[in-house]
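Let's take a walk through this one together, chain by chain and contact by contact. Keep the viewer open as you read.

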2 protein chains.
Amino acid sequence: MHQPVDLAKAYRLLNHGPTVLVSSAHGERRNVMAAAWSMPLDFSPPKITVVIDKRTLTRELVEASGEFVLNIPGRSLAQATVAVGNQSGRELDKFAEYQLATFAGSQVAAPLLAGCVGWLECRVLAEPHIQQAYDLFIAEVVAAWADPRDFSQGHWHFAPGRERSIHYVAGGTFFETGDAFQVPMP
Amino acid sequence: MHQPVDLAKAYRLLNHGPTVLVSSAHGERRNVMAAAWSMPLDFSPPKITVVIDKRTLTRELVEASGEFVLNIPGRSLAQATVAVGNQSGRELDKFAEYQLATFAGSQVAAPLLAGCVGWLECRVLAEPHIQQAYDLFIAEVVAAWADPRDFSQGHWHFAPGRERSIHYVAGGTFFETGDAFQVPMP
C-alpha cells in the first residue's frame, strides 16, 4: 500500500536515521542492497546522500542509470535487509532469492520494494570527485511515497501491530525505532 | 563519565542514525548546535559527514579551526538539543544559557558536552566544493569516547534506567532509540 508524500515533507521519511535498501536498475539488470549510511541533505528541493561502495553491482547500475530508490524497510524486512546487504547481485538475483516483490515508481526506472514503509525516488546529482574519493552520492528526491498506515500527512505513526523502521548496528543487530516523545520548542 | 572507544568501533556510535550536537571552538569563541543530518562515511580510518548550514556560527568556527566534536545526547538532553538547534550562538552563549557543562577532548580544541552518551572528535578533510554547494562537511574521527554505562567494547547497552540516544523528526518531536533485536547472518 503506498500513497504520495508531499516533496516538502519527504525529508521526514529519513530524518530519524533509519537503515534503507537501495534499489537500482539499468537496462534488463536490477539490484537491491542495504545501506545504513544515508541521510537527508536539503529540504527543498529535497536532496539526500548515501554511501555506495565501488565494489557493488548497485554502484555500477546507479552510475549507468543516474537513478536509484531508497526503500525504508520495517522490522518484518530486517532479515532480508541483512541478507541483501551481505551478498552481491553479481552472484545471485536477490529479488528471486528472497522473494522480494516490487512495483513501479513514477519518476525512475529502479523498482520499489513491496512491504516497505516509505520510498524515495532519487536522481543522482553528479559529483564525480566525492563519488570516487568517498563513495558518496548526492541525489535529488524526485518522488516520495509511504504506506499510509505508517506515515501520512508528514508524520510517522508506528502504531501498535504495524511496522517500525529499523536502525542497523553491526553483526545482524538492529534497533527498532522507539517511542515518540515531544519537548517544548524554545 | 567517559572512556576511550577503539577507533575501529567508532562508527558504531553513529551507525543507527542518532541526532547529534556539534560543538566547536576557535580562539576564545565556542558554540554548540544540533544536527539531525550526520552519518558515518568510512570504517578505517573512521570518517563521518555532517551538514552545517552557512548561516551558523558553528560553520564559522569549524571553517576557522578545521575541527569539531559530534556529541551524542541521550533523552535527558532532548530539550537542550531542540533549544541549541533553534537559537544562534551569535545571540547568546548557549553553554551558559542552558547550563551545559563541558570537558576537554584529547585531539581537538572543541569542547565535549558533559552528560552525553558518546563523543567523536573530528578533523575536517577540506572539500571546499561540497562545503559550499551543499553545506556538507567530511571529517576524520581522530578520537572517540563513550559513557561506559551506555556503550562499551563496541556495543550499545541502553539498559533500563539509563540513557537512550534520540532521533529528531520535526517540531520538537523525537523518537528514542528502541529495543535491540537480532537476525541471522546469511
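Start at Pro45(B), which is found in the loop between strand 4 (38–42) and strand 5 (47–51) of chain B; helices (H or I, at least four residues) and strands (E, at least two) here are DSSP runs, numbered from the N terminus. What you're looking at is a predicted model, in which local features need pLDDT of at least 70 and side-chain atom pairs count only at pLDDT 80 or more, while totals for chains, interfaces and linings use all residues. For bookkeeping, residues are numbered from 1 along each chain as its sequence is written, chains are lettered from A and ligands numbered from 1 in the order in which they are written, and side-chain values use heavy atoms, with hydrogens and water left out.

Pro45(A) sits in the loop between strand 4 and strand 5 of chain A.

Now zoom out to where the chains meet. The size of an interface is often given as the accessible area lost when the parts come together. Here chain A and chain B bury about 4,800 Å² between them, 68% of it on carbon and sulfur atoms; that buried area is the accessible area (1.4 Å probe) that two parts lose on being put together, summed over both. Within chain A's share of it, Trp37(A), Phe175(A) and Phe181(A) supply 18%, more than any other three residues. Counting by contact (heavy atoms within 4.5 Å), 54 residues of chain A and 53 residues of chain B take part.

Polar contacts do turn up, with 24 residue pairs across the interface (both at pLDDT 80 or more). A polar contact is a pair of N or O atoms within 3.5 Å; within protein, one must be able to donate a hydrogen and the other to accept it, and residues adjacent in sequence count only if both atoms are side-chain atoms.

Several elements of chain A each supply at least two residues to the side that touches chain B, among them helix 2 (78–85), helix 4 (128–134), strand 10 (136–146) and strand 14 (173–182). Strand 14 of chain A gives the largest share, 10 residues. By type, that side of chain A divides into 31 nonpolar, 16 polar and seven charged residues, where Ala, Val, Leu, Ile, Met, Phe, Trp, Tyr, Cys and Pro count as nonpolar, Asp, Glu, Lys and Arg as charged, and the others, Gly among them, as polar.

Two strands pair if DSSP finds at least two bridges between them. One bridge to look for is the one between Thr173(A) and Gln182(B).

Helix 2 of chain A is worth a stop too: six of its eight residues are buried, meaning under 20% relative accessible area, with exposed over 50% and partly exposed in between (1.4 Å probe, protein chains only). Among the buried ones are Thr81(A), Val82(A) and Val84(A). The helix's buried residues pack against strand 14 of chain B together with elements of chain A that include strand 13 and strand 14.

**Around Arg12(B)**

Over in chain B, look for Arg12(B) in the loop between strand 1 (3–4) and strand 2 (20–26). Is Arg12(B) buried or exposed? At 13% relative accessibility, Arg12(B) counts as buried. Beyond its neighbours within four places in sequence, Arg12(B) is in contact with Ala170(A), Phe151(B), Gly154(B), His155(B) and Trp156(B). The Arg12(B) side chain makes a polar contact with the side chain of Tyr11(B) (3.1 Å), and one of its polar atoms lies 3.0 Å from the backbone oxygen of Gly154(B).

Gln153(B), in the loop between strand 11 (151–152) and strand 12 (155–156) of chain B, has a positive phi near 50° without being a glycine. Gln153(B) is exposed, at 75% relative accessibility. Gln99(B) also has a positive phi, about 50°, and is not a glycine; its relative accessible area of 73% makes Gln99(B) exposed.
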